[in-house]
Amino acid sequence: KFSNSLIRESHRLANLVQELMQLSRVQSAPGLENATEVDLAAVLIDSIERNQVLAEKRNIRVQGATSESVKILGNYEMLATAVRNLIENAIVYSEPGTQVGVGLKQVDGVAEISVTDSGIGIPESEQERIFERFYRVDPSRSRETGGTGLGLAIVKHIAANHGGEVKLFSKPGVGSTFTLRLPITVQED
């Protein structure tokens, strides 16, 4: 029993160190001087696929939908990390047997990637702090979910690095929708 606990805690510590390093890289990123054209539909597909094992383990169906290909100038890996974090959170905070929806659309020169869950929701009084480092709405769930409290801070910094933002709509008991809004800087041919 002790060795299992030790292994579990060493995995949590390794995740914490990895996310701290990731946050540090994102915060110190020199902007987007080396930006390339990024197809956000590809980012969505990649992010959904990378969360498939977790979704299956928790009996959650991840449904992706995009009506178009939207391209922006940015960093593919950073954007994939942001979307992966949003999807992972949605899976972890949803009840087994439910669905997580991931969508991409273009609205007035802004690409919007939305991730919707049917999870526990976030009280309005907590929503302002949700993007702070290490902040957890329910610290007691920390051990259950295995999270570090850094994922949404990473998402916020990645959005800012791309000239965008991340928005939250949530109702306790109903679920949450996180929307990553990024300016479209590449026009379709």
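D108 is in the loop that links β4, residues 99-107, with β5, residues 110-116. Please keep in mind that we are looking at a predicted model. Is D108 buried or exposed? Its relative accessibility is 77%, so D108 counts as exposed, the cut-off for that class being over 50%. One more thing about this spot: P183 is 75 residues away from D108 along the chain, yet their C-alpha atoms are separated by 9.2 Å.

Let me step back to the whole chain for a moment. There are 7 helices and 7 strands, and along the sequence they follow the pattern α-β-α-α-β-β-α-β-β-α-α-α-β-β. Of the 189 residues, 42% are buried. If you take the contacts with a separation of 6 or more, 75% of them come from residues 24 or more positions apart.

Now to the sheet. What is the order of its strands? This open sheet of 5 strands runs β2-β4-β5-β7-β6, and the pairing is mixed. At the edges sit β2, residues 61-66, and β6, residues 165-171, each of which pairs on one side only. From one strand to the next, the twist averages 15 degrees.

β2 and β4 run parallel and are joined by 6 bridges; R61, for instance, has Q99 in β4 as its bridge partner. Helix α4, residues 76-92, packs on the sheet and touches β2, β4, β5 and β7, with the direction of α4 at about 170 degrees to that of β7.

Moving on to β5, I'd like you to look at E112, which is found in that strand. E112 is buried, because its relative accessible area is 13% and the cut-off is under 20%. What does the side chain of E112 meet? A polar contact of 2.9 Å joins it to the side chain of R181. Beyond its neighbours within four places in sequence, E112 is in contact with G103, L104, K105, V107, T179, L180 and R181.

My last stop is the pair of helices α4 and α7. Two packed helices are described by the angle between their axes and the distance between the axes. For α4 and α7 the angle is about 145 degrees and the axes are 9 Å apart, and the crossing is left-handed. From α4, the residues M78, L79, T81, A82, N85, L86 and N89 meet G151, L152, I154, V155, I158 and N161 of α7. How do the residues of this contact divide? There are 8 nonpolar, 5 polar and no charged ones.

As for burial in α7, which covers residues 151-161, the buried residues are G151, L152, A153, I154, V155, I158 and A159. After α7 comes G163, with a positive phi near 75 degrees.

Methods: Residues are numbered from 1 along each chain as its sequence is written. This is a predicted model: local features need pLDDT of at least 70, side-chain atom pairs count only at pLDDT 80 or more; totals for chains, interfaces and linings use all residues. Side-chain values use heavy atoms; hydrogens and water are left out. Helices (H or I, at least four residues) and strands (E, at least two) are DSSP runs, numbered from the N terminus. Buried means under 20% relative accessible area, exposed over 50%, partly exposed in between (1.4 Å probe, protein chains only). Two strands pair if DSSP finds at least two bridges between them. Axes are lines fitted to C-alpha atoms, for helices over the stretch in contact, and angles run from 0 to 180 degrees between N-to-C directions. Contact means heavy atoms within 4.5 Å. A crossing is left-handed if the near helix is turned anticlockwise from the far one by less than a right angle, and right-handed if clockwise. Ala, Val, Leu, Ile, Met, Phe, Trp, Tyr, Cys and Pro count as nonpolar, Asp, Glu, Lys and Arg as charged, and the others, Gly among them, as polar. A polar contact is a pair of N or O atoms within 3.5 Å; within protein, one must be able to donate a hydrogen and the other to accept it, and residues adjacent in sequence count only if both atoms are side-chain atoms.
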